[in-house]
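I opened the model to look up a few residues and their surroundings. My entries follow.

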Amino acid sequence: MKKIKSILLVDDDSINNFINEKLIKRLDIAEEVKVVLNGEEALNLLNGIIDSGKKCPELILLDINMPVMDGFEFLEAYKSLDFPDKDSIVIVMLTTSTNPLDIKKLKDSGVFGYVNKPLTDEKLSNILNEHFTMN
């Protein structure tokens, strides 16, 4: 399976984060996994990385429904960030929603795609194969 440098998990569900982080580590698809609980924490983390001159995660797995700042609010704030390689970051939304309005909003949001929870080996493999070249 392909391997990338860094993945950022953004989800308010600590159990999902634990399971997803274990899955990513078991599959050995990323050198580093960062985990935050909402969009505001994700923005703060990204701003810190940007300010330090380090590279941002190559893949952001972003939950839709979170307290403080949800996935859609994160995307709006993310659009205003300005940093090198911004266009190369892949954002994939994670959802359990079957609401047609949420799905339409996802498709209109400019993210690279969405995946229904839970993450699986196959779903992660598909994301990497679709959006990343072989390392």
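**Entry 1: Met93**

I looked up Met93 and found it in strand 4; strands (E, at least two residues) and helices (H or I, at least four) are DSSP runs, numbered from the N terminus. The model is predicted: local features need pLDDT of at least 70 and side-chain atom pairs count only at pLDDT 80 or more, while totals for chains, interfaces and linings use all residues. Residues are numbered from 1 along each chain as its sequence is written, and side-chain values use heavy atoms, with hydrogens and water left out.

I checked the exposure of Met93: its relative accessible area is 0%, so it is buried. Buried means under 20% relative accessible area, exposed over 50%, and partly exposed in between (1.4 Å probe, protein chains only).

I then listed contacts (heavy atoms within 4.5 Å). Leaving aside neighbours within four places in sequence, Met93 touches Leu62, Asp63, Ile64, Gly71, Phe72, Leu75, Leu106, Val111, Gly113, Tyr114 and Val115. For Gly113, 20 residues from Met93 along the chain, I noted a C-alpha separation of 6.4 Å.

**Entry 2: helix 5**

I went through helix 5 (residues 121–131) and noted Leu124, Ser125, Ile127 and Leu128 as buried. They cover an arc of only 160° around the axis, which puts them on the same side of helix 5; the arc is that of the directions from the helix axis to the C-beta atoms. Glu122 and Glu130 are exposed on the other side of helix 5.

What do the buried residues of helix 5 pack against? I found strand 1 (4–10), helix 1, strand 3 (59–63), strand 4 (90–95) and strand 5 (113–116).

**Entry 3: aromatic rings**

I found 2 aromatic pairs in the structure. In one of them, Tyr78 and Phe83 have ring centres 6.2 Å apart and planes at 75°, so the pair is edge-to-face. Rings of Phe, Tyr and Trp (its six-membered ring) pair if their centres lie within 6.5 Å; planes under 30 degrees apart count as stacked, over 60 as edge-to-face and the rest as tilted.

I looked up the exposure of both partners. Tyr78 is buried at 6% relative accessible area, and Phe83 is buried at 9%. With Phe74, Tyr78 and Phe83 form one aromatic cluster.

**Entry 4: Phe18**

Is Phe18 buried or exposed? Phe18 has a relative accessible area of 54%, so it is exposed. I placed Phe18 in helix 1 (residues 14–27).
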